[in-house]
Amino acid sequence: MENINLLMVFIGITALAVLIQAGMLTGMYLALRKNASLVEALTAEIKSKALPVVEEVRSTLSELRPRIETVMSNASESSTLVRAQIQRIDVTVNDILDRTRLQVIRADELVTRTLEQVEDTTDTVHRAVVSPVRQLSGLVAGVTAGLDFLMGARRRRDGAPATHDEMFI
């Protein structure tokens with residue numbers, strides 16, 4: 001009998017444990033049901049608020065895509081045109097610089113030739129005019145000195161003292 005009593009106690013404990021588990025499962029079910037209704041309400045609210053925004057963004061992007069593609073195409077074409085213009089400007093500037101260098105070289109040669117001609121002309125004038133003028137000047141100075149000497153000798157006869165130049169000659 002004791003075994004039967006013990007068996008009854010174990011069956012009672014097992015029944016109590018099953019009842020506790022059933023209560024916990026019922027509580028979990030009720031909590032999940034409550035949370036599920038909250039999640040459904042949140043989902044409905046998100047759908048009602050977010051989906052129109054998502055749709056509007058999608059439609060805006062659909063409308064803007066051709067414009068963005070046009071802007072990108074125009075930017076690419078503009079970049080190509082600018083690059084071509086810069087290359088043309090570079091060629092033009094290099095041509096101008098080359099021509100300027102050539103003109104500077106020509107101007108330098110012209111100035112050099114002119115200076116050489118001026119030097120040649122100066123030498124020619126010196127040989128043709130200045131040298132004969134010096135020779136003539138020397139001749140005139142000699143004649144003048146000779147005349148002064150002759151005139152000075154007459155003065156010395158007159159009793160005038162001789163000058164230092166006369167004594168030197």
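**Overall.** I am working with a predicted model, so I kept that in mind throughout. I looked up the secondary structure and found 2 helices and 0 strands. Helix α1 runs over residues 2-158, in a protein of 169 residues. Next I asked what share of the residues counts as buried. I got 2%. The accessible surface of the protein came out at about 15300 Å². Carbon and sulfur atoms account for 66% of that surface.

**Nonpolar patch.** One patch of about 670 Å² turned up, built from Leu136, Leu139, Val140, Val143, Leu147, Phe149 and Leu150. Is Phe149 partly exposed or buried? Its relative accessibility is 34%, so Phe149 counts as partly exposed. Patch members need over 30% relative accessible area, and Phe149 has 34%.

**Negative patch.** Glu116, Glu119, Asp120 and Asp123 together form a negative surface patch. I checked Asp123 here, and I found this residue in helix α1. With a relative accessible area of 41%, Asp123 is partly exposed.

**Salt bridges.** How many salt bridges does a search of the whole structure find? My count is 4, and I wrote up some of them.

- I looked at Lys49 with Glu45, where the closest N and O atoms are 3.3 Å apart. These two residues sit 4 residues apart in helix α1, so about one helical turn separates them. Lys49 is exposed at 55% relative accessibility, while Glu45 is partly exposed at 39%.
- I moved on to Glu55 and Arg58, a salt bridge with its closest N and O atoms 2.3 Å apart. Both residues lie in helix α1, 3 residues apart, about one turn of the helix. Glu55 is partly exposed at 43% relative accessibility, and Arg58 is partly exposed with a relative accessible area of 49%.
- I finished with Asp98 and Arg101, whose closest N and O atoms are 3.0 Å apart in their salt bridge. Where do the two residues sit relative to each other in helix α1? They are 3 residues apart, so the separation is about one helical turn. For Asp98 I noted a relative accessible area of 44%, which means partly exposed.

Methods:
Residues numbered from 1 in each chain as written. Predicted model: local features only at pLDDT ≥ 70, side-chain atom pairs only at ≥ 80, totals over all residues. Heavy atoms only, no water. Buried < 20%, exposed > 50% of the residue type's maximum accessible area, 1.4 Å probe, protein only. Areas by Shrake-Rupley, 256 points an atom, 1.4 Å probe, with all protein chains shown as cover. Patch = residues over 30% accessible without salt bridge, like charges linked within 9 Å, V, L, I, M, F, W, Y side chains within 5 Å. Salt bridge = Lys/Arg side-chain N within 4 Å of Asp/Glu carboxyl O. Lys, Arg positive; Asp, Glu negative; His and termini not counted. Charge placed at Lys NZ, Arg CZ, Asp CG, Glu CD.
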